[in-house]
Amino acid sequence: MIFFHSLYQFFMLLTIMTIRFNTFSFLTFNFALNISASEQDTVTLLFTGDIMQHMPQITAAQQKDGTYNYDPCFQYVKDEISKADVAIGNLEVPLAGKPYSGYPQFSAPNEIAFALKRAGFDILVTANNHSCDKQSKGIKGTIKTLDSAGLQHTGMFLDAAEREKKYPLFFESKNIRFALLNYTYGTNGLAVPAPHIVNLIDTVQIFDDIKKAKEKSPDIIIAFMHWGEEYKQLPNMYQKKLADFLVRNGVQLIIGAHPHVMQPMEKRYDEKGYTKAAIVYSLGNYVSNQSQPNTDGGAMARIKVIKDANGTRIRSCAYSLVWVYKPIVEGKKQYYILPAGEYQKKENFIDETHKIKLDLFMKNSRELFNLHNVG
């Protein structure tokens with residue numbers, strides 16, 4: 001006979017025994033359960049990886065009248081995005097206006113921002129290695145457009161006064177208060193044009209920013225980091241040390257971007273067995289035209305945060321795989337973000353050539369997480 005010393009031990013064992021995929025392929029990577037919590041006490045956060053705009057994507061969105069429509073790209077994931085209380089994505093393209101351009105120095109139509117808002121996104125992070133692609137025009141254009149679209153944003157700023165006023169970004173949902181930080185390892189060697197600011201990874205500055213965040217007593221501090229090595233599926237030592245630094249200084253949620261492929265996820269626990277921190281080293285690409293191995297999709301991380309008499313903590317962590325379907329429609333390549341687990345099973349939707357690519361993406365992704373996810 002098995003004896004449990006606490007309800008926590010029982011529910012942890014039950015969780016491990018019952019982990020499974022649902023129809024949308026959300027897979028839990030463990031959770032601490034409080035049986036007295038009400039749904040009103042819980043906030044669901046959704047995070048997505050790199051939202052990119054290569055030139056073929058811009059061409060795909062262009063309509064016959066010259067306008068741009070990105071709504072079809074998000075039609076299959078819109079419901080899942082909208083279910084979250086707060087959805088946060090990494091916008092890795094400046095909105096600098098015409099002439100539009102793809103790699104290596106991007107500029108995308110403003111319509112992508114409005115489509116992201118309609119799809120259910122609430123916040124976009126903007127500190128990345130392409131922040132300065134179009135210099136001042138790109139920084140000012142991105143900030144102005146995101147404001148017009150009603151999207152909160154953080155990571156780059158018009159000047160020091162704006163950063164002081166608006167950073168960290170605080171937001172609140174269901175009486176739970178969050179502080180969001182965002183940094184990038186660099187800007188592809190391009191200097192940040194004065195007086196603008198792009199948040200660069202600097203532990204002294206990050207320490208001061210965390211201290212500033214704590215002065216306003218957030219329940220949860222989130223750091224969205226643009227870091228790591230492109231196309232590498234495992235985090236490097238620098239990422240691991242930086243994650244340790246962030247957790248040690250009070251960051252509970254760390255979300256990574258930049259490698260354009262997914263990297264493992266990790267949970268850390270406190271002395272009571274609750275989740276102390278959750279780390280997603282890289283969510284991979286959310287949408288792009290990249291064709292290197294494992295760049296044709298990514299993950300959405302779903303984090304539930306609970307607030308009750310015991311305080312505020314991470315209640316559960318889950319992920320779903322997404323894959324970019326690129327069929328030819330009326331002679332032009334299109335881009336549709338698909339819930340990968342659901343559409344892998346759906347017959348007669350994807351042609352055989354694309355089905356092979358989807359199956360390979362799913363196989364590689366599951367092998368990565370099965371081998372390297374922690375907790």
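So, start with Tyr70: its side chain makes a polar contact with the side chain of Gln53, at 2.7 Å. Keep in mind that this is a predicted model. Where does Tyr70 sit? It's in the loop between helix H2, residues 55-61, and H3. And is Tyr70 buried or exposed? It counts as buried, because its relative accessibility is 5% and the cut-off for buried is under 20%.

Leaving aside residues up to four places away in sequence, Tyr70 touches Gln53, Gln57, Ile58, Ala61, Pro109, Glu111, Ile112 and Ala115.

Which residues of H5 are buried? They're Ile112, Ala113, Ala115, Leu116 and Ala119. Those residues are on the same side of H5, because they cover an arc of only 165 degrees around the axis. As a reminder, an α-helix has 3.6 residues a turn, so residues three or four places apart point the same way. And what do the buried residues of H5 pack against? The list is strand S2 (42-51), helix H3 (71-74), helix H4 (78-83), strand S3 (86-91), strand S4 (123-125) and H6. Just after H5 comes Gly120, with a positive phi of about 120 degrees.

Now H6 from that list. The axes of H5, residues 111-119, and H6, residues 135-149, come within 9 Å and cross at roughly 35 degrees. The crossing is right-handed. On the H5 side the contact is made by Ala113, Phe114 and Lys117, and on the H6 side by Thr145, Leu146, Ser148 and Ala149. By class that's 4 nonpolar, 2 polar and 1 charged residues.

Look at Ala149, in helix H6. Ala149 is buried, at 9% relative accessible area. Leaving out residues up to four places away in sequence, Ala149 touches Ala113, Phe114 and Lys117. From Ala149 to Ile112 the C-alpha distance is 9.8 Å, and they're 37 residues apart in sequence.

Next, some backbone geometry. Most residues other than glycine have a negative phi, and most peptide bonds are trans. Here, a cis peptide bond joins Tyr103 and Pro104, with omega about 10 degrees, and Pro104 lies in the loop between S3 and H5. Another cis bond joins Ala194 and Pro195, omega about 5 degrees, with Pro195 in the loop between strand S8 (176-184) and strand S9 (197-198).

On phi, Asn175 isn't a glycine but has a positive value of about 65 degrees. Asn175 lies in the loop between strand S7 (169-173) and S8 and is exposed, at 60% relative accessible area. His258 isn't a glycine either, and its phi is positive at about 110 degrees. His258 is in the loop between strand S11 (253-257) and strand S12 (262-269), and at 3% relative accessibility it counts as buried.

One more side chain: Arg315, in strand S16, residues 311-325. Arg315 is buried at 18%, and its side chain makes a polar contact with that of Thr42, at 3.4 Å.

Zooming out, the protein has 11 helices and 19 strands. Of its 375 residues, 57% are buried. And of the contacts with a separation of 6 or more, 74% are between residues 24 or more positions apart.

Technical notes. Residues are numbered from 1 along each chain as its sequence is written. This is a predicted model: local features need pLDDT of at least 70, side-chain atom pairs count only at pLDDT 80 or more; totals for chains, interfaces and linings use all residues. Side-chain values use heavy atoms; hydrogens and water are left out. Axes are lines fitted to C-alpha atoms, for helices over the stretch in contact, and angles run from 0 to 180 degrees between N-to-C directions. Helices (H or I, at least four residues) and strands (E, at least two) are DSSP runs, numbered from the N terminus. A crossing is left-handed if the near helix is turned anticlockwise from the far one by less than a right angle, and right-handed if clockwise. Contact means heavy atoms within 4.5 Å. Ala, Val, Leu, Ile, Met, Phe, Trp, Tyr, Cys and Pro count as nonpolar, Asp, Glu, Lys and Arg as charged, and the others, Gly among them, as polar. Buried means under 20% relative accessible area, exposed over 50%, partly exposed in between (1.4 Å probe, protein chains only). A polar contact is a pair of N or O atoms within 3.5 Å; within protein, one must be able to donate a hydrogen and the other to accept it, and residues adjacent in sequence count only if both atoms are side-chain atoms. The arc is that of the directions from the helix axis to the C-beta atoms.
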